[in-house]
Amino acid sequence: MWEATAGGSALQGENPLECVKRELREEIGILTDDFIEVGRVLHQKHQTYYVNYLCHTDVDKDSIVITLTKTVES
């Protein structure tokens with residue numbers, strides 16, 4: 001089964017793997033190091049670079065906490 005959930009932007013100085021770990025933790029409360037990079041896309045028009053990861057976990061679905069608000073750090 002495939003699920004698409006967490007996504008976000010890297011913080012200054014953060015590499016893609018650090019970013020995906022942080023975003024998954026912030027957005028749905030999952031802590032893991034089990035990521036497989038499955039793709040990279042450079043979108044020249046928007047000047048953005050996307051790195052896609054697959055995360056396989058056996059976390060109980062009842063333990064997932066969805067964050068509905070975002071905090072902006074300065």
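R22 and E26 are both located in helix α1, where four residues, about one turn of the helix, separate them. The structure described here is a predicted model. Between these two side chains there is a salt bridge, with an N to O distance of 3.2 Å.

Side chains of opposite charge can pair when their charged atoms come close.

| Salt bridge | N to O distance |
|---|---|
| R22 and E14 | 2.8 Å |
| R22 and E23 | 3.2 Å |
| R22 and E26 | 3.2 Å |

Together, E14, R22, E23 and E26 are linked in a network of salt bridges. R22 has a relative accessible area of 9% and is therefore buried, the cut-off being under 20%. E14 is buried as well, and E23 is buried with a relative accessible area of 5%. E26, by contrast, counts as partly exposed at 30% relative accessibility.

**The nonpolar core and F35**

In soluble globular proteins, nonpolar side chains tend to be buried together. In this model the largest nonpolar core has five residues: V20, L24, I28, I30 and F35. Helix α1, spanning residues 16–28, supplies the largest share of this core, namely three residues.

F35 is buried, at a relative accessible area of 14%. Apart from neighbours within four places in sequence, F35 is in contact with L17, V20, K21, L24, Y53, L54 and C55.

**The aromatic pair**

One aromatic pair is found in a search of the whole structure. The ring centres of F35 and Y53 are 6.1 Å apart and the ring planes stand at 80°; because an angle over 60 degrees counts as edge-to-face, the pair is assigned to that class. F35 belongs to strand β1 (residues 35–43) and Y53 to strand β2 (residues 48–55), so the pair ties together parts that are 18 residues apart in sequence. Whereas F35 is buried, Y53 counts as partly exposed, with 21% relative accessibility.

**A nonpolar patch on the surface**

Nonpolar side chains also occur at the surface: V59, I64, I66 and L68 form a patch there, with about 400 Å² of accessible area together. One of these residues, I66, lies in the segment after β2. I66 has a relative accessible area of 61% and is therefore exposed, the cut-off being over 50%.

Terms used. Residues are numbered from 1 along each chain as its sequence is written. This is a predicted model: local features need pLDDT of at least 70, side-chain atom pairs count only at pLDDT 80 or more; totals for chains, interfaces and linings use all residues. Side-chain values use heavy atoms; hydrogens and water are left out. A nonpolar core is a set of buried Ala, Val, Leu, Ile, Met, Phe, Trp, Tyr and Cys residues joined through side-chain atoms within 4.5 Å. Buried means under 20% relative accessible area, exposed over 50%, partly exposed in between (1.4 Å probe, protein chains only). Helices (H or I, at least four residues) and strands (E, at least two) are DSSP runs, numbered from the N terminus. Contact means heavy atoms within 4.5 Å. Rings of Phe, Tyr and Trp (its six-membered ring) pair if their centres lie within 6.5 Å; planes under 30 degrees apart count as stacked, over 60 as edge-to-face and the rest as tilted. Patches are made of residues with over 30% relative accessible area and no salt bridge: like charges are joined within 9 Å, nonpolar side chains (Val, Leu, Ile, Met, Phe, Trp, Tyr) within 5 Å. Accessible areas come from the Shrake-Rupley method with a 1.4 Å probe; for residues, only the protein chains shown count as cover. A salt bridge is a side-chain nitrogen of Lys or Arg within 4 Å of a carboxyl oxygen of Asp or Glu.
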